[in-house]
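Morning, everyone. Please have a look at this one with me.

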Amino acid sequence: MIELIEGVLLTMLAAVTIAIVRQHNLFGVVILAGVYSFLMASVLIVLDAVDVAMTEASVGAGISTVILLATLYLTGSREDPPAHTPALPLFVATVTGAALIWGTFQLPGFGVAHSPIHDHVAPAYLEASTKHEMPPNVVTAVLADFRGYDTLGETTVIFTAGIGVMLLLRGRRKRQHGSAKEASDT
Amino acid sequence: MIEWQAIVGHYNYYVTVFLMVAGLYIVIAHGNMIKSLIGLGLFQTSVYLLYISPGKIVGGTAPIIDPKYTDYSNPLPHVLILTAIVVGVATLALGLALVVRISEEYGTVDEDEIVAMDQDQ
């Protein structure tokens, strides 16, 4: 049953992706990207990744859509028809795809309980978080306690990106005022 | 019949590869920088799927400890991908800020037009 639900959701995800590739109105592309993120969040719920699904729905479908729409407001939403024929990109994509599909042949099937990924680190985390009376949600325990340095690094990345965005957009209002003044002077 | 089962069991991976390749195609084929960034986002989300789908156990539940359950899906990929999502939106924001800046300077966000302008100078 779970395979069926997952299969349907994944097929819808692939369909939305095709629509994103073919759509030339950037406003449409941004909205489709939001739809894509919500579908991805549903798939993640089916795959038991509830925390990731919540983050994807709020960050991927929420914040990303907002900043993309803000950028469209500032730059315009028209995409010119492509100047080149898409033969080379199509070739690169097909070869990469074929190599990746070839790579999946040896992978264990969906949902098998004794594949190598479940045998090594994960049981230790599950056991230790019970033993040390960490939060019942193991994802929280691993994120904040066992792998706290990862989260520290993550916040550093966000801080750096925030400073970068501020520096890039800082002079914007001043520049616009300046050009408006010049225009009124002449 | 066994072949058919193998295909169903790997359907996740096939869709993951398709999303990845579609993202790659958008990044290479489209000159518009905003669309390229969305393509990059597609590529990124396909990696989420690549990490999370092997962590699922059929019959297991979300990794929240409760005496009623014994089988939990693997929590480690979830943690790694939580970090990846947030870093992804940070990169997207920085990339879009660059796009806004480029559009102020050149009046366009199309790569080909920008290259042509640079060559004219």
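I'll take the interface, then the core. Keep in mind that this is a predicted model.

Start with the contact between chain A and chain B. How much area do they bury between them? About 7200 Å², with 76% of it on carbon and sulfur atoms. Chain A puts 88 residues into the contact, and chain B puts in 73 residues.

Now the polar side of things. The rule finds 15 residue pairs in polar contact across this interface, both residues at pLDDT 80 or more. It finds one salt bridge there. Which side chains make a salt bridge? A:D48 and B:K56, at 3.0 Å, N to O.

Stay with the face of chain A that touches chain B. Several helices give two or more residues to it, among them α1 (2-22), α2 (26-46) and α3 (50-75) of chain A. The largest share is from α3(A), at 14 residues. Sort that face by class and you get 56 nonpolar, 19 polar and 13 charged residues.

Next, the core. The largest nonpolar core has 59 residues. The members that touch the most others are A:L13, A:I20, A:Y36, A:V52, B:I38 and B:L49. Elements of both chains give two or more residues, including α5 and α6 of chain A and α3 (33-55) of chain B. α2(A) gives the most, with 11 residues.

Last stop, A:Y36. What is A:Y36 in contact with, leaving aside neighbours within four places in sequence? In chain A: A:L13, A:V16, A:T17 and A:I20. In chain B: B:L19, B:L42, B:T45 and B:S46.

That's my tour. Thanks.

Notes. Residues numbered from 1 in each chain as written. Chains lettered and ligands numbered in written order. Predicted model: local features only at pLDDT ≥ 70, side-chain atom pairs only at ≥ 80, totals over all residues. Heavy atoms only, no water. Contact = heavy atoms within 4.5 Å. Buried area = accessible area lost by both parts, 1.4 Å probe. Salt bridge = Lys/Arg side-chain N within 4 Å of Asp/Glu carboxyl O. Polar contact = N/O pair within 3.5 Å; in protein donor to acceptor, adjacent residues only side chain to side chain. Helix = DSSP H or I, 4+ residues; strand = E, 2+ residues; numbered from the N terminus. Nonpolar A, V, L, I, M, F, W, Y, C, P; charged D, E, K, R; others polar. Core = buried A, V, L, I, M, F, W, Y, C linked by side-chain atoms within 4.5 Å. Buried < 20%, exposed > 50% of the residue type's maximum accessible area, 1.4 Å probe, protein only.
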